[in-house]
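Hi,

Here is the structure I promised to pass on.

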Amino acid sequence: MKSGFIGLVGRPNVGKSTLLNAIIGRKVAITSDKPQTTRNIIQGIRTDSDTQMVFVDTPGIHKPKNRLGKILNKEAYFTLNDVDVVLFLVDITEPLGKGDMFVIDVLKNVSVPVILVINKIDKLPKEEILRKIDEYKDLYNFDEIVPISAYKHDNVDRLINVLKSKLTDNIKYFDENMYTNMPINFMVSELIREKILDLTHEEVPHSVSVVVEQMDYNRESVNIQATIIVDRENLKKILVGKNGNMIKEIGTRARADIEPFLGRKVFLELFVKVIPKWRDREKFLNEIGFKEFNFDK
Ligand SMILES: Nc1nc2c(ncn2[C@@H]2O[C@H](COP(=O)(O)OP(=O)(O)OP(=O)(O)O)[C@@H](O)[C@H]2O)c(=O)[nH]1
Ligand SMILES: [Mg+2]
């Protein structure tokens, strides 16, 4: 069986996690219309009759404003040096700018094949797509250029075939039933955070983290307690909402997603806690799973 690791990198919001989910056929990573949705390296596994592909989704590479941001970028850089093929995703509706050039610069130190994936082609007419491909092709020696729509699953099969031709390992890394190796607690906290991203705006989505404190399994149900962490008192007010309406809505939507994921009834209790400047507190970041990466591994 052929196999290998494939890294998904690019600026925030270009559709990396949407593509991961399209390839795996289920929700492995949460997505949203807000930049910097993904905060962890997330693996999705796709096994078919002759190939096992392990996709590694990463946080969007951006100019960091705090310690968390720095860690997110490092996660993406780390992935670049730890995979067999890199998929560099761009959003065709965004003008080629400084952010892309910054990532392309980083790619210059990568020794594995880099495939340029031009995403969101459902949003533009064909002539413009061809013009855009032209714009990118001279910037870097891409192994291949594949235009797709992750959202509409357009040309995703072609991308998979291109990838198959690049993989050389001959090991089955994971059991064929496995589609991710992310822990259940993490998936649950992410599903809750996704609802917060959907329901809030401006600075709120970035100021929020979710920690699952406890999951108690009964015969047919599970009681989950989770804390939503914000960095200011007024954000707590927004998340609780008038008469607790916001937190109720977050809970209802999250439960609707967590129940099919766990395959049982869910009782979800949400708390909101203020931890000032949590995105800059090293100890706290460590505690909730954001370890500083050692770059020179
Ligand atoms: N129209 C269209 N929208 C897309 C497509 N792919 C992704 N999107 C949308 O783009 C937004 C960002 O998608 P994500 O998958 O969260 O992007 P990401 O690159 O993982 O973002 P970060 O995790 O922040 O780095 C979401 O609103 C998606 O629905 C596509 O092919 N077409
Ligand atoms: Mg993402």
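Which backbone oxygen does the side chain of Lys34 reach? The answer is the one of Thr200, at 3.3 Å.

Some housekeeping before the rest. This is a predicted model, where local features need pLDDT of at least 70 and side-chain atom pairs count only at pLDDT 80 or more, while totals for chains, interfaces and linings use all residues. Residues are numbered from 1 along each chain as its sequence is written, chains are lettered from A and ligands numbered from 1 in the order in which they are written, and side-chain values use heavy atoms, with hydrogens and water left out.

Back to Lys34: you'll find it in the loop between helix H1 (16-24) and strand E2 (42-47) (helices are DSSP runs of H or I with at least four residues, strands are runs of E with at least two, numbered from the N terminus). Lys34 counts as buried because its relative accessibility is 14% (buried is under 20% relative accessible area, exposed over 50%, partly exposed in between, with a 1.4 Å probe and protein chains only). Setting aside neighbours within four places in sequence, Lys34 is in contact (heavy atoms within 4.5 Å) with Asn13, Leu197, Asp198, Thr200, His201 and Pro205.

The other residue to look at is Thr47, which sits in strand E2. Thr47 has 24% relative accessibility, so it counts as partly exposed. Its contacts, again leaving aside neighbours within four places in sequence, are Met1, Gln52 and Glu176. Thr47 and Asp175 are 128 residues apart in sequence, yet their C-alpha atoms are 8.7 Å apart in space.

Cheers

Key:
A polar contact is a pair of N or O atoms within 3.5 Å; within protein, one must be able to donate a hydrogen and the other to accept it, and residues adjacent in sequence count only if both atoms are side-chain atoms.
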